[in-house]
Each structure stands twice: as structure tokens, then as C-alpha cells.
Amino acid sequence: GAGKLTMGQATALKALRSGRGFPDLVIYEPRGDYYGLFIELKQDGTNLFKKNGSPTTPHIAEQFDMIYRLNNRGYRAAFAVGFDEAKIVIDNYLK
């Protein structure tokens, strides 16, 4: 469900949901200048970048694109590698 999103927010969110690349975790709670939090969760030890700075896989490149698009639309979106990093991102967002 769309929870307590305005019609405009729900419409914008629906347009972003392509299926591929959409983050794993969503917190529909506005904070500060953000409409909500999106986190793409990765296992501990996952490398997001190759040595040359490019994403390690085409799928991770799609996820980076989605995170970029979400951030540009007023959401806070990020990767979190492992539980500890995810907890930090969530705690910092909800402060």
C-alpha cells in the first residue's frame, strides 16, 4: 500500500516502480526535506564498485540509477551493505 502518501507522491512513486532496480526496503515516513527512505540491502562483503569505479554488475548499475532517481525526487535513497550499515542509515534518517 501507498500508506499516507498524497496523490502526487503516490503517482510519482508508481512511475518509479519499474520492478528492476527498485530498493528492497521502504520506510514511508517523511523526515526533514524527505518524503521517505529507500534502502537497497546488500549482504556483508558485497562490493558495489570495480577497481575502475564502475558498478560491479549491470543490475547494481540499475540500482544506482534508481537510487539517483529517488534522491532527485525528494526521497532519501541509499545502499546499505550488511545489517550494521542498514541500521546506521535508518537511525540517521529517523533522528
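Colleague: What share of the contacts with a separation of 6 or more comes from residues 24 or more positions apart?
Modeller: Contact means heavy atoms within 4.5 Å. Take the contacts in the chain with a separation of 6 or more. Of these, residues 24 or more positions apart account for 58%.

Colleague: What kind of model is this?
Modeller: Residues are numbered from 1 along each chain as its sequence is written, and side-chain values use heavy atoms, with hydrogens and water left out. Local features need pLDDT of at least 70, side-chain atom pairs count only at pLDDT 80 or more, and totals for chains, interfaces and linings use all residues; the model is predicted.

Colleague: Which pattern does the chain follow along the sequence?
Modeller: Helices (H or I, at least four residues) and strands (E, at least two) are DSSP runs, numbered from the N terminus. The chain has 3 helices and 3 strands. Read along the sequence, the pattern is α-β-β-α-β-α.

Colleague: In what order do the strands form the sheet?
Modeller: Two strands pair if DSSP finds at least two bridges between them. The 3 strands form an open sheet with mixed pairing. Their order is E1-E2-E3.

Colleague: Which strands stand at the edges, and why is one side of each left without a neighbour?
Modeller: Each edge strand has a single partner strand, so one side is left without a neighbour in the sheet. These strands are E1 and E3.

Colleague: By how many degrees are neighbouring strands turned against each other on average?
Modeller: Axes are lines fitted to C-alpha atoms, for helices over the stretch in contact, and angles run from 0 to 180 degrees between N-to-C directions. For neighbouring strands of this sheet, direction is ignored. The average turn is 20 degrees.

Colleague: How many bridges join E2 to E3, and which residue stands opposite phenylalanine 38?
Modeller: E2 and E3 run parallel, with 6 bridges joining them.

Colleague: Is tyrosine 75 buried or exposed?
Modeller: Buried means under 20% relative accessible area, exposed over 50%, partly exposed in between (1.4 Å probe, protein chains only). Tyrosine 35, at 37% relative accessibility, counts as partly exposed. Tyrosine 75, at 3%, counts as buried.

Colleague: Which geometry do phenylalanine 38 and tyrosine 75 have, and which residues form the aromatic cluster?
Modeller: Phenylalanine 38 and tyrosine 75 pair edge-to-face, 5.1 Å centre to centre with 90 degrees between the planes. Phenylalanine 38 lies in strand E2 and tyrosine 75 in the loop between H2 and E3, so this pair ties together parts 37 residues apart in sequence. Both residues are buried. One aromatic cluster is formed by Phe22, Tyr35, Phe38 and Tyr75.

Colleague: Which side chain does glutamate 40 join through a polar contact?
Modeller: Glutamate 40 lies in strand E2 and, at 3% relative accessibility, counts as buried. A polar contact is a pair of N or O atoms within 3.5 Å; within protein, one must be able to donate a hydrogen and the other to accept it, and residues adjacent in sequence count only if both atoms are side-chain atoms. At 3.0 Å, the partner of glutamate 40 is glutamine 63.

Colleague: What distance separates the C-alpha atoms of isoleucine 60 and glycine 21?
Modeller: Isoleucine 60 is found in helix H2 and counts as buried at 6% relative accessibility. Beyond its neighbours within four places in sequence, its contacts include Lys42, Pro55 and Phe79. Isoleucine 60 and glycine 21 are 39 residues apart along the chain, yet their C-alpha atoms are separated by 7.6 Å.

Colleague: How many of the 6 residues of E3 are buried?
Modeller: Across the 95 residues of the chain, 33% count as buried. E3 is largely enclosed by the rest of the structure, because its buried residues number 5 of the 6.

Methods. Phe/Tyr/Trp six-rings, centres within 6.5 Å; stacked < 30°, edge-to-face > 60°.
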